[in-house]
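Trainee: I would like to learn how to read a model like this one, feature by feature. Could you take me through it slowly?

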Amino acid sequence: MTATAVTRKPVRWGRIALHLGCLAALLVMLYPLAWLLATSLKPADEVIASLDLLPRHLEWSNYETAFEGVNDVSIWRLLSNSLIIAGGAVIGNVISCSLAAYAFARLRFRFRGPLFAFMIATIMLPHHAVLIPQYIIFNQLGLVNTYWPLILPKFLATEAFFVFLIVQFMRGLPRELEEAARIDGCGPFRSFFQIVLPLTRPALITTAIFTFIWTWNDFFTQLIYLFDPDKFTLTLALRSFVDASSTSAFGPMFAMSVIALLPIVLFFLAFQRFLVEGMASSGLKG
């Protein structure tokens with residue numbers, strides 16, 4: 001009976017170190033979320049005095065106070081305001097940016113190159129540089145203290161990043177499909193809606209996800225345009241827990257922060273597969 005030698009694979013210490021490093025980076029990134037969840041259940045005095053991650057006493061009343069809302073406005077009203085603004089921004093960006101991207105990617109017109117370069121250059125323009133002119137325009141139109149200043153610009157393809165993202169995706173689509181449709185009598189609009197738009201779904205979902213997250217988390221722009229508490233979003237309501245007289249309800253504030261975080265997490269989990277597909281197909285094309 002002959003003994004067969006068993007070959008052992010060498011231990012790849014480099015891969016083990018890589019996995020441990022990734023695990024350590026994951027723990028570092030998840031620690032703020034764990035701290036937020038734990039702090040939302042701490043009493044007010046323990047939030048300031050204790051550095052422990054886990055609370056000594058679970059204060060569920062923080063969530064009861066958070067669900068009561070602020071300034072006599074319920075959390076459901078705040079949540080609906082946030083959903084109206086974020087949903088309107090998503091619809092506006094998806095429609096306008098896809099139309100603008102189709103024009104730059106497929107249509108032939110004069111000064112297309114310089115106009116596309118000018119649009120890309122606006123990505124480097126700071127948001128605060130155009131905020132004052134926009135505020136003056138909306139104030140003269142009587143739209144301040146309404147949702148329109150936060151939604152209407154999205155229907156004008158003002159987000160150059162998303163236009164560029166969709167353009168890069170459309171450039172990778174085969175032109176033979178549109179040429180065949182043109183032979184059958186399809187015009188540019190019909191080709192866009194029936195051929196190009198369905199094939200651009202990964203890039204459109206990527207645009208929708210980033211638009212929803214950025215709009216939902218936006219604080220400064222909403223602070224500029226919204227005055228009445230009835231129109232406040234969850235982001236603005238969080239500021240109401242910090243009083244100017246230094247009397248701050250940190251526990252309910254962190255509890256409302258957890259509540260405000262849930263729609264973003266659910267929205268991302270629902271469409272994360274399309275997000276990876278859209279970024280891989282759009283952002284990496286030359």
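Mentor: Let us begin with contacts, where contact means heavy atoms within 4.5 Å. Among contacts in the protein between residues at least 6 apart in sequence, those joining residues at least 24 apart make up 71%. Please keep in mind that this is a predicted model, in which local features need pLDDT of at least 70 and side-chain atom pairs count only at pLDDT 80 or more, while totals for chains, interfaces and linings use all residues. Residues are numbered from 1 along each chain as its sequence is written, and side-chain values use heavy atoms, with hydrogens and water left out.

Trainee: How many helices and strands are there in the protein?

Mentor: Helices (H or I, at least four residues) and strands (E, at least two) are DSSP runs, numbered from the N terminus. By that reading the protein has 14 helices and zero strands.

Trainee: At what angle do the axes of helix α4 and helix α10 cross?

Mentor: Axes are lines fitted to C-alpha atoms, for helices over the stretch in contact, and angles run from 0 to 180 degrees between N-to-C directions. Here α4 (residues 75-106) and α10 (residues 188-199) have axes that come within 12 Å and cross at roughly 110 degrees. That makes α4 roughly perpendicular to α10, a term for angles of 65 to 115 degrees, as against roughly parallel under 35, roughly antiparallel over 145 and oblique for the rest. On the α4 side the contact is made by Ser98, Leu99 and Tyr102, and on the α10 side by Pro188, Ser191, Phe192, Val196 and Leu197.

Trainee: Is Ser98 buried or exposed?

Mentor: Buried means under 20% relative accessible area, exposed over 50%, and partly exposed in between (1.4 Å probe, protein chains only). Ser98 counts as buried because its relative accessibility is 3%. Leaving aside neighbours within four places in sequence, Ser98 is in contact with Asn93, Ile166, Met170, Phe192, Leu197 and Leu204.

Trainee: Which residues are in contact with Phe254, leaving aside its neighbours within four places in sequence?

Mentor: Phe254, which lies in helix α14 (residues 250-282), is in contact with Trp35, Leu36, Thr39, Ser40 and Val47. Phe254 and Leu37 are 217 residues apart in sequence, yet 7.8 Å apart in space, C-alpha to C-alpha. Phe254 has 14% relative accessibility and therefore counts as buried.
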